[in-house]
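Here are my notes for anyone opening this entry for the first time. Have a look at the model, then read on.

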Amino acid sequence: MAKINTQHSYPGVHSLSVRTADEDIERIENGYIRTHSLHEDASSELQGVISVEGGHVPESQASSFTGRGAMARLSRFVLSVRSWATRHSHREEQRPDSFLERIRGPELVEVSTRQSNIRSFLGARERPGGANSHWPLARFNVNFSNNTNEDKKEEKKEVKEDKKEEKKEEKKEEKKEEKKDDKKDDKKDDKKKEEQKKEVFVIDPSSNLYYNWLTVIAAPVFYNWCMLVCRACFDELQMDHIKMWLFLDYLSDIIYVIDMFVRFRTGFLEQGLLVQDEKKLREHYTKTVQFKLDVLSLVPTDLAYIKLGLNYPELRFNRLLRIARLFEFFDRTETRTNYPNMFRIGNLVLYILIIIHWNACIYFAISKVIGFGTDSWVYPNVSVPEYARLSRKYIYSLYWSTLTLTTIGETPPPVKDEEYLFVVIDFLVGVLIFATIVGNVGSMISNMNASRAEFQAKVDSIKQYMQFRKVTKDLEARVIKWFDYLWTNKKTVDEKEVLKNLPDKLKAEIAINVHLDTLRKVRIFQDCEAGLLIELVLKLKPTVFSPGDYICKKGDIGREMYIIKEGKLAVVADDGITQFVVLSDGSYFGEISILNIKGSKSGNRRTANIRSIGYSDLFCLSKDDLMEALTEYPEAKKALEEKGRQILMKDNLIDEEAAKAGADPKDLEEKIGRLEVALDTLQTRFARLMAEYTASQQKVKQRLARVETRVKKYGSGSLSVAEAEAEKPEEEKKQ
């Protein structure tokens, strides 16, 4: 039912306010719901306060708020507060409103419908001519006098329930996020596992692991090549030790199987990089002929033992197809050993022994087929106890095979055609073996003595020269002793000749490994750039001096500096006997003279006599090599000159006035010489360009002359027709 509230204290301008209980609840809810922004919160609170005060003011005091002026002032105040709230709300971020989040979804739709109903109702009340048209705040007046405590309790309960629902939703969202994070972590772990699976183990063919495996696989291959044929021909050898042979056979088969897996994981180089992709490795191995041979070598042909018996080891002859592994092992060992010539000789002898071994077994098998003792060529009758022993059978066959293949000694002549044919083949193989032995052994021995023969040739040539020039015996003896020292201490090797086939980077690394520590001992080179040190290391030349030899004498022009690697040198007086200082390993001298420092009192002359006490090994660095290296490092050159100048100043060996003078005329001459060389090159290039220009100009003139003659002869209009007619007979002639 509708409630009619009338206020008699208002004048006739007032209108009746008709409200229902439902409308009051809706207005209350509307007051709580309109919280979309800060200014709406402020306006709704102010409106609620106004309406509450309006509802609870007694009639005696209501007259102070009933005038038009009072309501206008109040409305202006509310509007000013609302405008202030809107201005400040734009400057701040929208604050989070859990209540708005709580009413999203279907509840928001219900609220919007209620708000639309309220607006329609208020619009009906605010039509022109209506009673409240003169009251701008009349539509915000809400009568709270009908609200009871039960409604407030219900509202509090709803708020609590909403908070509980919010907490539940938050917990659900947190659980969902945790599940998502767990799924992401699981995916990451799966990806890591997949990456780990993709990274397969690959064996580098140049590694020690691969070489060690070749050593392992070579053993069963060599076992099969030696023992299978022997067991197939000598029955006693097979049957007396059958358990041992079965164990060794199947052990070798297991190693063969492992070797196939190793081949599947053996890398190869592609564009200079080791391939580690499992698919590529598998395809690379399966496409080779060796893969087919490896598969054939593992065919279980020995299953025929079940039907034929264990006395047929020749069923396993397919295991011999893995011989490529044995050859690979020999090749790798030859490159790794420090005695390659000795290894080659041993390898050759091993091949010959295997051939003789196989030939002996085949001879015994042929004798078994023909019949023991049937003629003089075959093996004697085994019924004789002397020839029935296994050792005699094998040694007799080996002896016959050795005599036949080496063509040494006499053997019983063949009788039957089969015997003749076998002996002919053996003789041909023997000739090849003999030629191979002689050729290879001779070349190996010559290679072993190549360095000695070359050194001896040098000594012989020097001896002949000294005899021809009639050198004194004392000097000749000193020269021969010097050569003996070089040979006994292995100092005859010419480093440049040995390292000439290596690339520059490897040469530099070897030189750094050998000489860099020695070069760093020199004071003036201690703080130099690494690039300059590498350049200088490559230019060091080893030299050997005999006892009593002078390395340098006082007053000589200094063109080299020396670093003592091994031995002792003495700084002696002019008489050559009195010793002032003894220089030992790591000492150096002559570094100042090669720098040619301005103002040096000694110039580039030697200031002392240095003599070798015994045999001395020195490194020599020439002035030209140093200056060539310093052209690319001008700052290092200045630093070296400054260090040398400081050393001379300490020893009071520098003329400061000369040092402060202008540039050295020698340096100017060098610069002028370089400019002249550059100018000569430019002149040659310019002359070449001028020749090309004149040639092209002559060709253009000739073409223009031809065109002018044709224009004069045929005219400009008929020039193209005349050219076409002139070209036709030329083409006909060509055809």
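The points below go from the whole chain to a few local features.

1. A word on the basis: this is a predicted model, where local features need pLDDT of at least 70, side-chain atom pairs count only at pLDDT 80 or more, and totals for chains, interfaces and linings use all residues. Residues are numbered from 1 along each chain as its sequence is written, and side-chain values use heavy atoms, with hydrogens and water left out.

2. The protein chain has 29 helices and twelve strands (DSSP runs of H or I with at least four residues, and of E with at least two, numbered from the N terminus).

3. Of the 735 residues in the protein chain, 30% are buried (under 20% relative accessible area, 1.4 Å probe, protein chains only). Its accessible surface is about 49200 Å², with 57% belonging to carbon and sulfur atoms (Shrake-Rupley method, 1.4 Å probe).

4. Take the contacts (heavy atoms within 4.5 Å) in the protein chain with a separation of 6 or more: 72% of them link residues 24 or more positions apart.

5. Now for a sheet. Four strands form an open one in the order S6-S11-S8-S9, with antiparallel pairing (strands pair if DSSP finds at least two bridges between them). Strands S6 (550-552) and S9 (579-583) stand at the edges with a single partner strand each, so one side of each has no neighbour in the sheet.

6. Zooming in, strand S8 (residues 569-572) runs antiparallel to S9 and is joined to it by four bridges. Val572 sits opposite Gln579 in S9.

Technical notes
Buried < 20%, exposed > 50% of the residue type's maximum accessible area, 1.4 Å probe, protein only.
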